[in-house]
Amino acid sequence: MYKINEVFETIQGEASFTGTPSIFLRLQGCPVGCSWCDTKQTWDVDNVYKVSLDDTVEKKADSDHWAEASAAQVLELFKSRGYTAKHVVITGGEPCMYDLNPVCNLLHDHGFSTQIETSGTFEILAPAQTWVTVSPKINMRGGYKVLSSAMQRADEIKHPVAMQKHVEELEELFVATGVNPKLVYLQPISQKTSATKLAIDTCIAKNWRLSIQVHKYLGIN
């Protein structure tokens, strides 16, 4: 069973799948503790806030209410809502706190592609064909370490940056985990001007790529 904070259909606004119609499946629970997290409502799992699955669909505002559902119930929810997107983004929270094989395999069997957005601090339990976006959370207050196995499994790295030390920490992580990713995206934190300039200058210097959270500029989820 999966603990689900939110389900909605939109356009993916980040990294390689920018512009792709997508169903977002946001799971509840995350102990990592990123200071700039924009989904802090997903951190805690409190039974007081447990609701029906229908109450997690297309929320009008962020909340820490969550529902429990099986992989089959997730698929049925997508069908009942009439969603037309065929790409499913499993995010959180920290989705890799869960075994994602059951839901991903079921979705693949029904013609969906799947993508996971993870901090890299938990083992990734998902099928080989699932696209894995690792946004490595380095030295966060939760004390979790970024796993070498997660970095090696990543199809792309998407790293939030606000200052030069964030770039240096990422380079140090590449050395420590022995990876040389083909796709590295830098994402300015909170769309700040200084962070955006840093990301652009670094991407040009290192031949990395820029991810600018297009959905936030468009004013959509």
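Visitor: Leaving aside neighbours within four places in sequence, which residues is M140 in contact with?
Guide: This is a predicted model: local features need pLDDT of at least 70, side-chain atom pairs count only at pLDDT 80 or more, and totals for chains, interfaces and linings use all residues. Numbering starts from 1 along each chain as its sequence is written, and side-chain values use heavy atoms, without hydrogens and water. Contact means heavy atoms within 4.5 Å. With those neighbours set aside, M140 touches V32, G33, C34, S35 and W36.

Visitor: Is M140 buried or exposed?
Guide: M140 is found in the loop between strand 6 (131–134) and helix 3 (148–153). Helices (H or I, at least four residues) and strands (E, at least two) are DSSP runs, numbered from the N terminus. Buried means under 20% relative accessible area, exposed over 50%, partly exposed in between (1.4 Å probe, protein chains only). The relative accessible area of M140 is 14%, so M140 is buried.

Visitor: How many disulfides does the structure hold?
Guide: A disulfide needs a pair of cysteine sulfur atoms within 2.5 Å. The sulfur of C30 is too far for a bond, because the closest cysteine sulfur, in C34, is 6.2 Å away. The sulfur of C34 has its closest cysteine sulfur in C37, at 6.0 Å, also too far for a bond. The number of disulfides is zero.

Visitor: Which residues touch the most other members of the largest nonpolar core?
Guide: A nonpolar core is a set of buried Ala, Val, Leu, Ile, Met, Phe, Trp, Tyr and Cys residues joined through side-chain atoms within 4.5 Å. The largest core has 50 residues. Helix 1 (residues 71–81) gives the most to this core, with five residues. The members that touch the most others are I4, L25, F78, L100 and V103.

Visitor: Which residues are included in the second, separate core?
Guide: This core has five residues. C30 is buried at 15% relative accessible area, and C34 is buried at 9%. The core includes C30, V32, C34 and M140.

Visitor: What is the volume of the largest pocket?
Guide: On a 1 Å grid over the protein atoms alone, a pocket is an open set of points where a 1.4 Å probe fits, with protein on both sides within 12 Å along at least five of seven lines; lining residues have an atom within 4 Å of a point. Points are joined across faces, edges and corners, and a volume is the space filled by probe spheres set on them. For the largest pocket, the volume is about 870 Å³.

Visitor: Which element gives the largest share of the lining of the largest pocket?
Guide: The lining has 41 residues, with E14, R26, D38, T39 and Q213 nearest the centre of the pocket. Among the elements giving two or more residues are strand 2 (21–27), strand 8 (184–188) and helix 6 (214–218). The largest share is four residues, from strand 1.

Visitor: Is R209 buried or partly exposed?
Guide: R209 is found in strand 9 (residues 209–210). Leaving aside neighbours within four places in sequence, R209 is in contact with L183, V184, Y185, L186 and C203. The relative accessibility of R209 is 44%, so R209 counts as partly exposed.

Visitor: Is T202 buried or exposed?
Guide: T202 lies in helix 5 (residues 193–206). Beyond its neighbours within four places in sequence, T202 is in contact with V167, L186 and W208. The relative accessible area of T202 is 7%, so T202 is buried.
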